[in-house]
Amino acid sequence: MANVSYVRKTMLPEKAPPVTSSGVLGWIRENLFSTPLNVILTLLSAGFAFYVLASILPWIFQSSWTAGSLGECREVIKATYGPDAHGACWAVIRERYLQLIFGFYPAELYWRPILAFVLALVALAPVLFSGLPRQMMRFSAVAPFLVPWLLWGGTFWVPLMVIAGIAVGVIAYNLLSRTVGSLAGIIAAGVLPVLWWIFVTSPLASGLQSIIPLGIEAIPSRSFGGFLLSITIGLVAITASLPIGIVLALGRQSDLLIVKTLCVGFIEFIRGVPLITLLFVASVLLNYFLPPGTDFDIIVRVMIMVTLFASAYMAEVVRGGLAALPSGQYEAADALGLDYWKSQRLIIMPQALKISIPGIVSTFISVFKDTTLVSIIGLLDPLGLSKAIRADVNWNGIVWELYGFIAFVFFIFCFSMSRYSMYLERKLQTGHR
Amino acid sequence: MTTLSDAPKESFRLSMLIYDSRYRSLTIQFVALLGFMLVVAWLVSNTLQNLEALGKPIDFGFFSEPASYDINQRLIDYNSRDSHLRASFVGLLNTLLVAVMGCALATVMGVVIGVMRLSKNWMLSRIMTVYVELFRNVPVLLWIVFFMAILIETLPPPNAFRGETPSASMWLWDSMAVTNRGIYMPEPLFSRGLGDVSFFGAFNISLELIALVVALIAGFWASGRIKARADRIQEATGDRPTTWYLRLAVVVLPFAVILILLGFHLGYPALKGFNFQGGIHMRNSLIALWLALSFYTAAFIAENVRAGILAVSGGQTEAAEALGLRPNRIMSLVVLPQALRVIIPPLISQYLNLTKNSSLAIAVGYMDITGTLGGITMNQTGRELECVLLLMLVYLIISLSISLVMNWYNKRVKLVER
Amino acid sequence: ATLDDVKARGKLNCGVNTGLVGFAAPDANGVWGGFDVALCRAVAAATLGDASAIEFVPLTGKTRFTALASGEIDMLSRNTTWTFSRDVDLKFEFVGVNYYDGQGFMVPKALGVSSAKDLDGATVCIQTGTTTELNLADFFRVNNISYEPVPIETNAEAQQQYLAGACDVYTTDASGLAATRATFEAPGDHVLLPEIISKEPLGPLVRHGDSEWADIVRWSFNAMVSAEELGITSANVEEMASGTNNPEINRILGTEGNLGEMLGLDAEWAKRIILSVGNYGEVFEKNLGEATPIGLARGLNAQWTDGGLLYSPPFR
Amino acid sequence: MSELAVSREVDRSKMTISDEVAIQIIEMNKWYGTFHVLRDINLTVNRGERIVIAGPSGSGKSTLIRCINRLEEHQAGKIIIDGTELTSDLKNIDKIRSEVGMVFQHFNLFPHLTILENCTLAPIWVRKVPKKEAEETAMHFLEKVKIPEQALKYPGQLSGGQQQRVAIARSLCMRPRIMLFDEPTSALDPEMIKEVLDTMIELAEEGMTMLCVTHEMGFARQVANRVIFMDQGQIVEQNEPEEFFNNPKSDRTKLFLSQILGH
Amino acid sequence: MSELAVSREVDRSKMTISDEVAIQIIEMNKWYGTFHVLRDINLTVNRGERIVIAGPSGSGKSTLIRCINRLEEHQAGKIIIDGTELTSDLKNIDKIRSEVGMVFQHFNLFPHLTILENCTLAPIWVRKVPKKEAEETAMHFLEKVKIPEQALKYPGQLSGGQQQRVAIARSLCMRPRIMLFDEPTSALDPEMIKEVLDTMIELAEEGMTMLCVTHEMGFARQVANRVIFMDQGQIVEQNEPEEFFNNPKSDRTKLFLSQILGH
Ligand SMILES: Nc1ncnc2c1ncn2[C@@H]1O[C@H](COP(=O)(O)OP(=O)(O)OP(=O)(O)O)[C@@H](O)[C@H]1O
Ligand SMILES: Nc1ncnc2c1ncn2[C@@H]1O[C@H](COP(=O)(O)OP(=O)(O)OP(=O)(O)O)[C@@H](O)[C@H]1O
Ligand SMILES: [Mg+2]
Ligand SMILES: [Mg+2]
């Protein structure tokens with residue numbers, strides 16, 4: 001090799017790629033027909049997609065939206081699209097969609113659940129989207145009391161008294177931890193509010209109500225149905241299960257053997273049995289477990305069981321978040337002199353929960369989907385309502401339209417939530433911690 | 001120097017229960033235990049009191065009484081005069097049957113779909129994405145009723161096979177009938193049968209089956225030996241002898257010989273009376289439940305598989321390519337061994353979910369344990385407490401066994417890693 | 001006592017079916033209607049004076065008894081068969097029979113079957129959760145014929161399977177069969193077999209231990225039956241309430257004697273029942289009768305005077 | 001890399017050592033399970049002393065430091081800090097932890113809080129200082145470590161050296177009387193090491209009592225008034241820095257020094 | 001850090017360059033989508049040549065290297081290796097890949113296999129060498145890279161430098177005639193860089209044909225017989241190392257060198 005020296009005089013400009021590897025053609029070749037196998041796969045998939053669409057689309061669109069009964073529907077479709085046409089009878093959705101959404105909630109009060117869910121969304125927003133101002137968190141703290149009140153109605157004193165219970169706890173903690181000691185404070189803060197809620201809230205609220213009436217029309221849980229019921233159960237379960245889940249996760253992580261065993265036992269038990277058996281417990285056994293004479297609403301009982309169910313899963317999600325935190329964070333908090341609860345509240349939980357949000361959203365999706373199981377114990381969620389609707393003489397025999405509609409709505413909800421949690425996961429992976 | 005030459009002798013003070021880290025944890029645990037026991041005691045006493053009031057003391061005696069209902073799908077002999085206990089057992093076997101079938105199909109589908117989602121073919125990967133999203137985001141209960149409705153509405157009834165010009169015909173040279181009551185398949189029959197053995201007088205297992213299973217196991221063992229030999233030859237010479245036909249032969253031949261010795265022939269289903277008679281009947285409830293659970297779970301498994309394969313970074317494949325390994329070898333030697341570690345733990349928890357979801361069988365009238373013990377038995381005897389608790393116990397045992405397997409696997413994988 | 005609870009609450013909690021054509025179903029406005037529902041309304045009208053002051057609790061076969069036993073509902077009016085063990089062992093009190101039913105079979109005409117005894121080898125759809133599967137097992141066992149049971153949770157699904165030919169026979173209470181058949185596209189293609197394999201007296205029930213409450217439900221129902229027998233209808237009740245020369249009518253409607261007071265109600269309790277829901281015949285015709293798509297004949301449920309079994313004890 | 005450190009003149013004027021005992025460790029022993037990590041440790045540190053602890057990896061340096069503010073529990077012997085014995089009594093532990101600051105190898109800043117919040121967290125929640133005052137103190141110490149302009153950023157946005165200086169400022173905000181450092185520079189790049197050592201020297205110049213596990217021999221030479229060499233859980237040699245480096249007594253120390261300085 | 005490298009005498013006795021052409025690249029072009037990464041690349045490498053490729057980030061160095069053993073596909077022009085043209089013919093690709101070894105920036109060892117298994121995997125499955133023989137070869141090369149004692153460990157248990165040396169040994173086990181290196185040292189700590197460069201120098205001393213993307217200028221000076229400078233997907237300058245470093249011709253090269261050496 002004599003002289004290897006070489007210097008480029010002029011820089012080459014960028015050139016367009018050859019047609020076969022760029023543009024639409026290039027894309028098609030690359031992504032659809034790059035190898036013989038790919039050609040076959042493409043053709044097969046296209047055929048399959050065509051077959052599925054060709055069998056579903058006509059049914060969806062050769063349909064009737066206006067009819068009073070299934071029979072009428074059939075006639076209308078035959079008349080419009082020919083004698084062989086099999087189309088959907090969307091008329092049933094048109095007639096019953098409000099019922100499928102709101103159940104038996106009084107029509108003139110539909111604004112209440114709508115407002116409640118808007119409020120719930122607003123309250124969730126700062127938790128879900130970190131970009132929003134932190135002041136909104138204050139509203140998020142109030143929403144758990146406001147939303148149920150809007151949904152169930154009744155005197156406004158009840159949510160006030162419930163909040164007062166929390167205040168009682170805080171006051172007790174502050175007083176006692178200063179005078180007696182922090183553990184006494186914590187115990188008091190745990191026990192007093194519970195006692196307050198059990199023994200004081202309802203008499204005091206009704207007393208106050210009789211003095212200063214302040215409230216809106218009360219709606220019994222029975223009136224909840226359809227998607228309103230699913231969403232309410234889902235929301236209640238998820239908001240209530242979060243604190244319980246955190247406590248369980250902390251218990252499971254703790255080095256106190258008995259506490260740990262109790263938590264592990266509870267979590268594994270709940271996760272080991274199907275939800276449907278827990279719903280059986282709610283519908284047929286809970287009455288045995290409670291003192292004779294207590295009788296509360298099946299929907300509340302179901303909410304309790306679904307909450308317990310969700311808590312176990314939530315605990316595992318939170319545990320994952322806790323495990324992802326480096327131990328240095330605990331040590332640094334200790335070294336600064338923060339006690340266990342303060343370091344949990346100020347250092348550990350804010351970080352662990354943030355890591356866990358995708359898991360929390362996934363749990364919410366599965367809990368929301370699982371609310372359909374309540375139809376098996378006779379609650380009128382969308383699936384249960386569909387049976388009731390089919391028991392109407394007019395709509396007896398209708399199947400696909402109802403299932404299709406319900407599936408569609410569930411899909412919209414769950415799909416958007418799952419997209420959201422994916423977005424979060426991606427953000428957590430790339431974003432600076 | 002303010003040295004404490006002599007620490008004050010510590011005597012136990014009550015406040016140490018709270019302010020001394022040694023005693024504090026004991027205190028907390030004691031309080032927790034006490035609280036737990038109080039709650040349990042409260043629940044138990046309420047229950048006893050309530051049962052007392054209702055006049056229904058806890059009593060499992062009803063288990064020995066005749067169940068008086070029939071179960072169509074059963075793996076062991078059962079009729080309506082058998083006891084509730086046996087009915088529950090029939091249900092349990094049905095649960096296990098659909099769970100095992102579901103896990104198998106879901107795994108196969110999940111792996112195939114997960115791999116196809118990663119395909120470079122845009123069309124294919126898009127269709128698989130739609131599949132996954134569609135199935136994951138609609139409740140499984142809806143899928144179960146959907147599949148049932150599809151089977152019922154789209155497949156022909158047995159009636160359609162009747163008459164001069166039947167509108168439906170059997171498949172595979174008239175050996176299999178696909179109807180909306182389920183699928184009737186040829187069944188294996190043996191003209192020189194060996195009879196049954198009875199276990200504990202409770203259920204029978206046919207000796208033919210045992211013989212065949214033994215032959216199969218022996219065949220696989222022999223095949224394993226052949227593989228080991230091929231491994232040794234490869235180690236020694238570098239060349240790997242082609243053994244697949246030998247390995248196939250040692251599995252198939254003994255099996256076939258035993259089949260012939262036993263006088264194996266197929267019993268074909270035939271339309272007699274109202275239904276097809278003879279053959280194996282896979283009921284539509286089983287099929288619908290099986291397919292729905294598998295399709296639903298497969299969507300989740302596909303995601304796990306995809307994540308597992310993606311987790312094995314591109315660098316691994318490139319390094320293997322650069323070494324000149326062929327794609328199938330890269331898959332089997334480099335990607336799969338690593339991906340499996342990521343895939344299997346969530347796979348097993350999907351098995352757990354599938355098994356738990358099989359309790360939705362009642363939606364299509366498949367008589368699993370929830371349908372028998374937690375359904376008709378509970379309904380007929382009015383023993384809710386006993387039935388539900390027992391039902392939960394059964395599921396708990398199944399779940400815990402699956403978890404045990406998972407923990408064992410995780411431990412094993414960990415050992416290999418470091 | 002239950003009555004006091006109901007009055008204090010201002011609402012009657014009444015357990016009904018989650019959906020059974022003609023017996024209980026919500027309409028598009030969420031208002032429950034049907035034959036069983038009418039009885040709830042009657043009791044509400046009698047006790048609270050308002051036939052719509054009711055909390056309907058939809059119940060499945062599995063949850064109905066627990067709901068009643070636990071006090072979640074005040075009365076159960078959900079096509080429930082009166083059997084010995086339910087009455088005695090489960091500790092409930094059946095207060096009457098509002099519908100005399102029996103388990104029957106429906107088959108497509110094309111099958112050419114004329115008797116249930118010809119059903120050897122047939123696939124039978126059963127609605128589970130009630131006594132049907134037990135009756136069925138006994139029937140086939142006694143007659144020594146084989147069958148394939150297909151258990152199904154709800155009537156709607158059973159109907160779907162039956163129509164698609166997934167089962168040859170559909171069995172449930174005859175009323176249900178007739179009601180279901182009525183909604184078919186071609187009801188004429190299906191026949192009910194003559195065998196009725198069981199007695200299914202369906203009736204409302206209450207908990208043991210509160211006989212006063214049981215009396216109220218029982219006599220609310222009897223009032224409807226007697227009203228039909230005596231010709232009191234929702235149309236003429238106002239007029240009759242101003243006094244007739246039939247002392248029994250007067251006693252029922254409260255213009256004579258103090259029956260209402262004996263029940264712990266006011267004098268006009270029965271008048272309100274008839275006024276708001278009508279007499280037994282009216283309820284039947286409105287929900288199940290031949291004018292409705294369901295088109296059931298009175299049959300056993302006719303007044304005893306018309307050869308049926310309906311026989312109300314005298315109001316005296 | 002050990003000689004990379006600082007060459008500027010160190011002002012020793014305020015580095016007086018008082019007679020008061022700050023830390024006294026008597027016959028302290030510690031086991032991890034059955035493994036004897038610390039054996040018969042005896043150590044007295046007077047107020048104002050600056051002690052460097054050196055020793056091979058695994059010799060128990062970190063464990064010793066961590067025992068002093070009870071991140072680990074010792075099983076035998078006594079640790080007395082400012083006259084308070086470290087027992088399992090939680091009140092004493094709280095008291096001691098608020099007097100002893102600690103800086104870790106990996107900084108352990110709280111990533112979800114800004115630098116300022118990191119610094120004010122403990123004063124506000126442990127010392128119950130009003131927020132305003134806490135922020136002023138924090139800014140004071142952030143200025144001292146020369147990064148007041150970063151106060152509103154998050155730890156993830158800072159370089160390693162800056163993070164470590166924040167960690168020091170965070171400890172100082174609790175106004176501790178004793179500072180413990182556990183290899184504060186070993187996770188840092190060479191340029192950043194200097195920044196952090198500078199900060200530590202300044203601290204020493206002000207007379208802070210310091211216990212520092214480090215392999216920065218330049219730092220030890222300039223600042224420490226005692227170097228302690230540990231091996232296998234024991235204090236093997238203890239001397240003034242010059243003596244220690246130039247004239248080590250024990251063979252182990254010699255071996256160690258030859259490795260660490262030759263490297 | 002670029003001058004950190006080696007100062008020992010390099011034995012150039014075996015570093016002869018034959019006339020045989022090992023790699024010939026003619027008018028090669030490559031696009032990512034519509035982005036033109038490699039433009040009219042012409043390059044002939046003779047057997048025994050040691051070429052260092054330098055250039056700013058994103059200039060296409062990695063892409064060029066990866067095209068040579070077909071980890072990426074080029075769209076125009078020719079690449080001929082040992083007389084075999086690289087087309088989409090799988091047989092040619094296999095042939096070329098078994099002649100060309102490649103070492104990656106991030107090692108890409110197989111974490112589920114021991115070091116020994118990493119090294120024997122390809123010989124056994126691609127070259128069909130008996131296991132015993134493959135293991136002997138592997139041990140031979142592991143000795144060469146000075147870590148035979150690690151043979152039974154897993155990659156996760158090794159330091160970065162050791163891992164990279166295993167990666168080199170793994171490539172060598174296939175007895176390639178050409179070695180490609182893509183920034184083999186840029187993921188390593190300074191001490192470890194030395195270990196790896198030593199190994200590479202030894203390889204060069206034995207006369208291996210090497211193409212090496214690296215910013216280690218010391219290495220380039222001592223070992224390379226040609227340095228290629230790339231920018232914007234083109235070869236901008238090419239020269240012998242001394243000339244290249246002391247007397248760069250193009251402005252871009254000057255700028256680049258000033259940045260990389262001043263740094
Ligand atoms: N939590 C623990 N459980 C058991 N052994 C431990 C634990 N922490 C440390 N050890 C062991 O105790 C010994 C001393 O550890 P220590 O961290 O104090 O050493 P060190 O002198 O700080 O070493 P280095 O210079 O590597 O930080 C080591 O052998 C270590 O393996
Ligand atoms: N798979 C890809 N798809 C699209 N563009 C790519 C891809 N890989 C690389 N590029 C782009 O091609 C250009 C050249 O990349 P290449 O990795 O060859 O650069 P490099 O010279 O090796 O840089 P570095 O020194 O950072 O490794 C870069 O602009 C890069 O963004
Ligand atoms: Mg250490
Ligand atoms: Mg590169």
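User: In which helix of chain A is A:Val194 found?

Analyst: Helices (H or I, at least four residues) are DSSP runs, numbered from the N terminus. A:Val194 is found in helix H8 of chain A. This is a predicted model, where local features need pLDDT of at least 70, side-chain atom pairs count only at pLDDT 80 or more, and totals for chains, interfaces and linings use all residues. Residues are numbered from 1 along each chain as its sequence is written, chains are lettered from A in the order in which they are written, and side-chain values use heavy atoms, without hydrogens and water.

User: Why is A:Val194 counted as partly exposed?

Analyst: Buried means under 20% relative accessible area, exposed over 50%, and partly exposed in between (1.4 Å probe, protein chains only). A:Val194 has a relative accessible area of 38%, so this residue is partly exposed.

User: Is E:Arg66 buried or exposed?

Analyst: E:Arg66 has 14% relative accessibility and therefore counts as buried. Its place is in helix H1 of chain E, residues 61–68.

User: Which residues does E:Arg66 touch, not counting residues up to four places away in sequence?

Analyst: Contact means heavy atoms within 4.5 Å. On that basis E:Arg66 touches B:Glu318 from chain B, and E:Leu71, E:Glu72, E:Met102 and E:Phe104 from chain E.

User: Which chains have the most contacts between them?

Analyst: Among the seven pairs of chains that touch, chains A and B have the most contacts. Chain D and chain E do not touch, and their nearest C-alpha atoms are 11 Å apart. No contact joins chain C and chain E either, with their closest C-alpha atoms 52 Å apart.

Note on methods
Helices (H or I, at least four residues) and strands (E, at least two) are DSSP runs, numbered from the N terminus.
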